[in-house]
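Q: I am new to this structure and want to learn how to read it. Can we go through it feature by feature?

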Amino acid sequence: MDYLSNSEPVRLTHDRDFKQHLDWSPDGKKFLFTRLHRGKMGLWTMNADGSELKPLLQDATPHFDGCWSPDSKQIAFVYDILQGTDGKLQINVVNADGSNNKVVIPNQAFEESPRWSPDGKQLAFVSTRDGNQEIYAANADGKNIRRLTSEIAADNNPRWSPDGKQIAFCSGRYGNLEICLMQADGSNVRRLTNCPAMDYWPVWSPDGKQIAYTSNRDGNYEIYVMKADGTGQRNLTCHPSQNNYAAWSPDGRRLAFVSNRAGGYDVFVMQVVERGTP
């Protein structure tokens, strides 16, 4: 089915701080996102209605790009141990209340974009340990690391399909950023978007039939959605502002995203329905 928005997006935050890497908890109760607040970059959570905005960690060390575990009890994220003007990026896992912060993928190069598999047993992530951005997978405890992509151009933004059989990702192998799909073992790579613009941040609908993503093909960043085979690409936000970082609600009826349409960068939520639905 094709999806479209049928209502004006609802604004949840009003602080206008820069935000990115939005993620909706699988239990539907909370949001997680990177926030630049008073000069410090960190992860923040808030309730799904926009209330109780608070930092995940009481830590001045930069940390960002978090992802909820399937049971909503843990968060995997990037922890940046600054050394002079450079950073040592590693992947940590912490309880959802901010306790028990521990390293699971130690720094070897730039370790980024951790994403849980639907069964919670694996983490996909991005690393430059072999010279450029490639996608890897590991057990949830960081063991048994294996490389999934092998491409001179950058591969990043991995997202597991809800059944765990496929991974959507962003690749520069076609000369610009496009959304691609591969089996969970890295085989059978195929291209879903084909546009001379930037397409990135793919996120699966809960039923696995749709993929939302960001594209600037219309001159500004908008939230698009397409079928899992790449057909039926549609602009959902259709607004002259910058709209980015889509996150599906667990029931698949809403999409949250970050937009600067109100003058800063805030979280908005819009209803999405199948075309033809009253």
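Q: Is N92 buried or partly exposed?

A: Start with the origin of the model. This is a predicted model, in which local features need pLDDT of at least 70, side-chain atom pairs count only at pLDDT 80 or more, and totals for chains, interfaces and linings use all residues. Residues are numbered from 1 along each chain as its sequence is written, and side-chain values use heavy atoms, with hydrogens and water left out. Buried means under 20% relative accessible area, exposed means over 50%, and partly exposed lies in between (1.4 Å probe, protein chains only). N92 has a relative accessible area of 2%, so N92 is buried.

Q: Where is N92 found?

A: Strands (E, at least two residues) and helices (H or I, at least four) are DSSP runs, numbered from the N terminus. N92 is found in strand β9, residues 86-95.

Q: Which residues is N92 in contact with?

A: Contact means heavy atoms within 4.5 Å. Neighbours within four places in sequence are left aside; the contacts of N92 are then I75, A76, F77, Y79, N101, K102, V103 and V104. With N101 there is also a polar contact between side chains, at 3.0 Å. A polar contact is a pair of N or O atoms within 3.5 Å; within protein, one must be able to donate a hydrogen and the other to accept it, and residues adjacent in sequence count only if both atoms are side-chain atoms.

Q: How many salt bridges does the structure hold?

A: Side chains of opposite charge can pair when their charged atoms come close. A salt bridge is a side-chain nitrogen of Lys or Arg within 4 Å of a carboxyl oxygen of Asp or Glu. The structure holds 13 salt bridges.

Q: Which parts does the pair of D266 and R11 tie together?

A: Their side chains meet in a salt bridge, 2.8 Å from N to O. D266 lies in strand β25 (residues 266-274) and R11 in strand β2 (residues 10-11), so the pair ties together parts that are 255 residues apart in sequence. D266 is buried, at 0% relative accessibility. R11 is partly exposed, at 24%.

Q: What salt bridge does D266 form with K19?

A: The closest N and O atoms of D266 and K19 are 3.4 Å apart. K19 lies in strand β3 and D266 in strand β25, so this pair ties together parts 247 residues apart in sequence. K19 counts as buried, at 1% relative accessibility.

Q: Which residues do salt bridges that share partners join into one network?

A: The network holds R11, D15, D17, K19, R35 and D266. Take one more bridge: the side chains of D17 and R35 meet at 2.9 Å, N to O. D17 is in the loop between β2 and β3 (18-24), and R35 is in strand β4 (residues 30-37), 18 residues apart. Both D17 and R35 are buried.

Q: How many aromatic pairs does the structure hold?

A: A pair of aromatic rings is described by the distance of the centres and the angle of the planes. Rings of Phe, Tyr and Trp (its six-membered ring) pair if their centres lie within 6.5 Å; planes under 30 degrees apart count as stacked, over 60 as edge-to-face and the rest as tilted. The structure holds 8 aromatic pairs. F18 and Y265 are edge-to-face, with 5.2 Å between centres and 70 degrees between planes. F18 is in strand β3 and Y265 in the loop between β24 (254-259) and β25, 247 residues apart. F18 is partly exposed, at 32%, and Y265 is partly exposed, at 28%.

Q: Why is the pair of W24 and F31 tilted?

A: The ring centres of W24 and F31 are 4.4 Å apart and the planes are at 50 degrees, so the pair is tilted. Both W24 and F31 are buried.

Q: Which residues touch the most other members of the largest nonpolar core?

A: A nonpolar core is a set of buried Ala, Val, Leu, Ile, Met, Phe, Trp, Tyr and Cys residues joined through side-chain atoms within 4.5 Å. The largest has 28 residues, and L22, F31, F33, W248, L255 and A256 touch the most other members. Strand β25 gives the most to this core, with 5 residues.
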